[in-house]
Amino acid sequence: MVNKEESVALIRDLSNANGVSGFEDEVVRVATDYVQPYAQVTEDHMRNLRIDRHGNTQIKPQLQLDAHSDEVGYMIQAIKPNGTMRFVTVGGQAAVTLPAHKVRIRNNQGDYIPGIITSTPPHFMTAEERRTLPPVSALTIDVGATSADEVRDKFGIDIGAPAVPAVDFEYIAQSDVMMGKAFDNRIGTALLLQTIKELAEKELAVDVVGSLSSQEEVGERGAQVMVRKIKPDLAIVFEGAPADDTVMPDYMIQTGMHRGPMLRDFDTSIIASPRFQALALKTAKDNGIKVQRSVRTGGGNDGAVINLYAGAPTIVISVPVRFAHTAYCYVAYDDYAAAKKLAVALIEGLTPETIAAL
Ligand SMILES: [Zn+2]
């Protein structure tokens with residue numbers, strides 16, 4: 001069993017790790033250090049981490065547990081003569097959320113340099129400019145340099161350098177809520193790692209193989225590689241899903257904070273396997289775990305490629321994340337704990353009969 005202190009510390013370390021798509025190294029390191037005592041861990045050249053639980057038999061049905069390790073962020077596109085840098089967004093983000101935020105840019109030594117996404121001082125804005133939002137192409141990142149040479153020579157930053165929001169994890173005791181960056185999908189990453197820990201050495205009807213997949217935010221690229229290697233018979237995807245309780249009317253809230261894990265029925269990339277979904281919902285009910293369901297007109301996740309390439313029954317268990325794909329996010333600890341309880345109960349409850357009936 002894992003206690004709350006251990007869970008919060010793991011989530012903190014994963015959230016603080018810098019890991020924009022393609023540069024997941026720090027996340028992979030935190031994950032490896034944590035899970036290595038309970039599993040055999042193999043890293044590939046895309047920074048995908050395969051996690052074979054201790055106690056696997058190689059002859060039972062293969063259950064793939066997936067979480068993506070990357071986060072949305074930025075990449076330097078060009079350096080201007082004045083030392084500010086144009087950038088592109090990596091993963092889906094709205095320009096309105098970007099200006100005047102602090103970021104960390106990885107230089108060619110692998111060190112992270114603080115910078116600011118620029119905004120025009122109000123003193124220099126026309127009345128019209130104060131009312132309009134600049135597109136990403138009009139924004140720059142400034143490290144406090146005054147020439148392109150200074151950026152390259154003193155800071156060691158060149159085009160292609162990745163960047164992430166500069167946000168440090170905080171636990172808010174009053175509400176039992178965690179604040180930090182990248183809870184999409186470091187909360188799913190923590191769920192994957194701790195579920196494997198809780199299941200280590202246990203007698204199960206399945207072999208449990210974790211995939212901490214890279215580059216989800218740019219089109220589920222790591223998962224496309226992992227599913228071909230694992231060839232799962234069934235799969236559970238762990239996600240941090242955008243919470244809707246600050247934006248939707250009451251009757252439409254399907255991913256609210258403190259309302260439990262969300263089991264997504266439908267989004268634009270995957271329809272949850274109805275029989276597996278029903279089994280998960282029954283498990284939640286039998287164990288007194290409050291859950292939510294959602295039907296979305298957008299979104300997508302690694303489950304889509306696992307479902308397509310392996311034809312495996314697949315469901316997605318998500319923890320609600322307020323303000324996903326922005327610098328600052330909230331996750332309620334109780335939602336995380338309930339998601340973990342559900343995942344463990346569901347996997348422990350699998351039998352050859354229930355698997356055959358999927
Ligand atoms: Zn995402």
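How much space lies in the largest pocket? About 420 Å³. The model is predicted. Asp 184 is one of the residues closest to the centre of that pocket, and Asp 184 also coordinates the zinc ion. UniProt, in an unreviewed entry, lists Asp 184 under "binding site" as well.

**The largest pocket**

- The lining of the largest pocket counts 18 residues.
- Closest to the centre are Asp 184, Pro 242, Gly 299, Gly 300 and His 325.
- Two elements, β13 (234–242) and β16 (314–321), each give two or more residues to this lining.
- Strand β13 provides the largest share, with four residues.
- By type, the lining holds four nonpolar, seven polar and seven charged residues.

**The second largest pocket**

- The second largest pocket holds about 340 Å³ of space.
- Its lining is made of 14 residues.
- Ser 119, Thr 120, Met 125, Pro 134 and Leu 139 lie nearest its centre.
- Seven residues of this lining are nonpolar, five are polar and two are charged.

**The zinc site**

- Asp 184 (OD), Glu 217 (OE), Glu 217 (OE) and His 325 (NE2) coordinate the zinc ion, at 1.9 to 2.7 Å.
- Along the chain, these donors follow the spacing D-x32-E-x107-H.
- Asp 184 sits in helix α5 (residues 183–199), while Glu 217 sits in the loop between β12 (207–213) and α6 (221–230).
- The two are 33 residues apart, so this pair links distant parts of the chain.- Both Asp 184 and Glu 217 are buried.
- The site has four donor atoms, with angles of 52 to 153° among them, and is irregular.
- For comparison, ideal angles at a metal are 109.5 degrees for four tetrahedral donors.

**Positions from the UniProt record**

- The unreviewed UniProt entry places the feature "active site" at Glu 216.
- Glu 216 is found in the loop between β12 and α6.
- Glu 216 counts as buried because its relative accessible area is 5%, under the 20% cut-off.
- Under "binding site", the unreviewed entry lists His 68, Asp 184 and Glu 239.
- These three are spread over 172 residues of sequence, yet they cluster in space, with a largest C-alpha distance of 8.5 Å.
- His 68 belongs to strand β3 (residues 62–68).
- With a relative accessible area of 1%, His 68 is buried.

**Backbone features**

- Most residues other than glycine have a negative phi, and most peptide bonds are trans.
- The peptide bond from Asp 184 to Asn 185 is cis, with omega near 15°.
- Asn 185 lies in helix α5.
- Ala 100 has a positive phi, near 65°, and is not a glycine.
- The place of Ala 100 is the loop between β5 (85–90) and β6 (102–106).
- Ala 100 is exposed, at 55% relative accessible area.
- Phe 323 is not a glycine either, and its phi is positive, about 65°.
- Phe 323 lies in the loop between β16 and β17 (329–332).
- Phe 323 counts as partly exposed, at 38% relative accessibility.

Terms used: Residues are numbered from 1 along each chain as its sequence is written. This is a predicted model: local features need pLDDT of at least 70, side-chain atom pairs count only at pLDDT 80 or more; totals for chains, interfaces and linings use all residues. Side-chain values use heavy atoms; hydrogens and water are left out. On a 1 Å grid over the protein atoms alone, a cavity is a set of points where a 1.4 Å probe fits but cannot get out, and a pocket is an open set with protein on both sides within 12 Å along at least five of seven lines; lining residues have an atom within 4 Å of a point. Grid points are joined across faces, edges and corners, and a volume is the space filled by probe spheres set on the points. Ala, Val, Leu, Ile, Met, Phe, Trp, Tyr, Cys and Pro count as nonpolar, Asp, Glu, Lys and Arg as charged, and the others, Gly among them, as polar. Donors are N, O and S atoms within 2.8 Å of the metal (3.2 Å for Na, K and Ca); water is not among the atoms, so sites may look incomplete. Four donors count as tetrahedral if all angles lie between 85 and 135 degrees; four count as square planar and six as octahedral if opposite donors are over 155 degrees apart and all others between 65 and 115; anything else is irregular. Buried means under 20% relative accessible area, exposed over 50%, partly exposed in between (1.4 Å probe, protein chains only). UniProt positions are given in the numbering used here, feature names are shortened, and annotations may be inferred rather than shown by experiment.
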